[in-house]
Amino acid sequence: MKYAKLIRRNLFRNKLRSFLMIVLMGAIFFLIAALIQILDAFDNFDTGGAGDRLVVQSAFSLAQMLPYAHEQKLQQIPGVVGVAKSQWLGGYYKERRNTFAILTLDADKVSALFPEMNVNPDEMTEFVRDRRGALVGQDLMERFHWKLGERITLHREIFPFDPELTVRGVVHNNVLASVLYLHQDYFNEALKWNRVGTFWLKVRDRNEMPAISQQVDAMFKNSEDPTETFTEKEFNRQFVNMMGNVKVLFGTISLCSIFMTVLLAAITMSMAARERVTEVAVLKAIGFGRRLILGLMLTEFVITTLVGWAAGVGFAALIFGSVDMAKVTMGFLPRLHVAGSTAAICGAAAIVVGLVAGGLPSMKSANLRVVDGLRKVV
Amino acid sequence: MEALVQISNVRKVYRRDAFEVPVLNGITLDVPRGDFLALMGPSGSGKTTLLNLIAGIDRPTGGSITVDGREVSRFNESALASWRARHVGFIFQLYNLIPVLNAFENVELPLLLTKLSKKQRRQHVEAALEIVGLGDRMFHYPRQLSGGQEQRVAIARAVVTDPTIIVADEPTGDLDAKNAQETLDLLRQLNAEFEKTIVMVTHDPKAAQHAKRTLHLEKGLLVESVEEQTAEA
């Protein structure tokens, strides 16, 4: 393109301003890319289950445990094809900074109720056979360089129980990549409580889930341990909701960031255009038409925002690629990456920011009367 | 001699808020092809306005301006821009080079609007810079040139498309005597050797003496003309 040189030279006519502008854009698009990926991680967390499970917890709170005796009654409910007990354990490996999600499960129910764990069948057999066996998410395996058959000791956080485990299998599921599972029986043996935090029910027909939920809660309504039953998605969403409406918050931050970017970019681009009033008048005098001026200036401004986008999204990709966010956030977030769709959304936003912020100054320049521009002393 | 520019009863009125300020009050003038015309007059006399109208960067309030047989005063903005690109070369008092482009690139600017190939553009630019004596300063930026050299680059930019007419607004107004003389010599050379039609606005009588003839404006009217003056060396 024969105008490329003109555009390129104008882009960097004020190097400091261009640099700061690109840094600003980069920082904003880094933030937006990160927020989108975190939201995406929450979404994946929501949809990680198979969609055919219900979770039964105490009606008082998740911290309140339910008696084992509930299990037999739950199994008898028509439409329920499987029941597994599960308990959240706080704990860490060696040091407190190595905290991650530790859950107990009825080992013999894992294959049937949680097929999305994608555990090798031989490894699953070993896990079921070994009461002190553990299934470990692939990120934890990498993070701690664990190997199958390796003996590990976890340390207590909530319960008076330091599990001594042998790694028997690897969970291949991105959402569960930072979770460790151990036998419910091993936990119960150690504490002899015969109580558990949740029951997970697999149902025959998803359409029956609302009715089964009601039936479960009605069954225990007048007992000492009443229940509250959720779909798996609702259950998982509780954790996100505990932090407030994170999605709205992140979305608002993203929109505010884009709005601020547009304003700051508009100010900077107006200054850049104002500095060149006489030059634009000269270009128009020698025959550059209105549309050409408009196109040149908008191209220049959009390139600026796109360079910022590339810097910000590239930096995000670099950071997420080299820093394990699961480790940094102690398993709260999975390992993040910049998805193609996120890069595309940010790229589209960069183009819009360039067009919106640069639109007014470009239009003013394009519509400038030559005689006015030549008279102007900037 | 054939009239290249025909100005017929041209009026120009500027509006300032609620007031109307008449600048040109019915100018009629012919500029023959190959002429070197100097327009003189006190500030506010309308000489730059007349130059802008001839160059097609402003429109008259009344009357008509015909250049090379085409009534440019009736062109719309887009047509005027295309016409200027092909037919008008501009020389400004403050040179008005683009500071981020070097001499070569500044001179090349008007050629970007043509269909010439890159190679052809380069040949034209080199020829124009050779004519103004800056063949060895092609890749210098405006900040690396003296005022006189900058004005010579501006002249090269004005002639590179081989325009029908060159308009110069106080081309020596920001130059010292030596550079002013060189610039005027160059303009006269363009007129004499290349038969370029030049209309120049100036305050300086010495500069005006380089033109073939001088017209005086006062309060928007032509008041005097000096025909076929002898150019000073």
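The model is predicted: local features need pLDDT of at least 70 and side-chain atom pairs count only at pLDDT 80 or more, while totals for chains, interfaces and linings use all residues. Residues are numbered from 1 along each chain as its sequence is written, and chains are lettered from A and ligands numbered from 1 in the order in which they are written.

**Overall form**
- Chain A has 15 helices and twelve strands, counted as DSSP runs (helices H or I, at least four residues; strands E, at least two) and numbered from the N terminus.
- With a radius of gyration of 29 Å, well over the 21 Å that the globule rule gives for 378 residues, chain A is more spread out than a compact globule. Here the radius is taken over C-alpha atoms, and the rule is 2.2 Å times the number of residues to the power 0.38.
- The C-alpha atoms fill a box of roughly 90 × 45 × 30 Å along the principal axes.
- A:Thr125 and A:Val282 have C-alpha atoms separated by 81 Å.

**A helix pair**
- Helices α10 (residues 246-275) and α14 (residues 340-366) of chain A have axes that come within 9 Å and cross at roughly 35°. Axes are lines fitted to C-alpha atoms over the stretch in contact, with angles running from 0 to 180 degrees between N-to-C directions.
- Residues in contact (C-beta atoms, placed from the backbone, within 7 Å) include A:Ile258 and A:Ala265 of α10(A) and A:Val353 and A:Leu360 of α14(A).

Terms used: Two residues are in contact if their C-beta atoms, placed from the backbone, lie within 7 Å.
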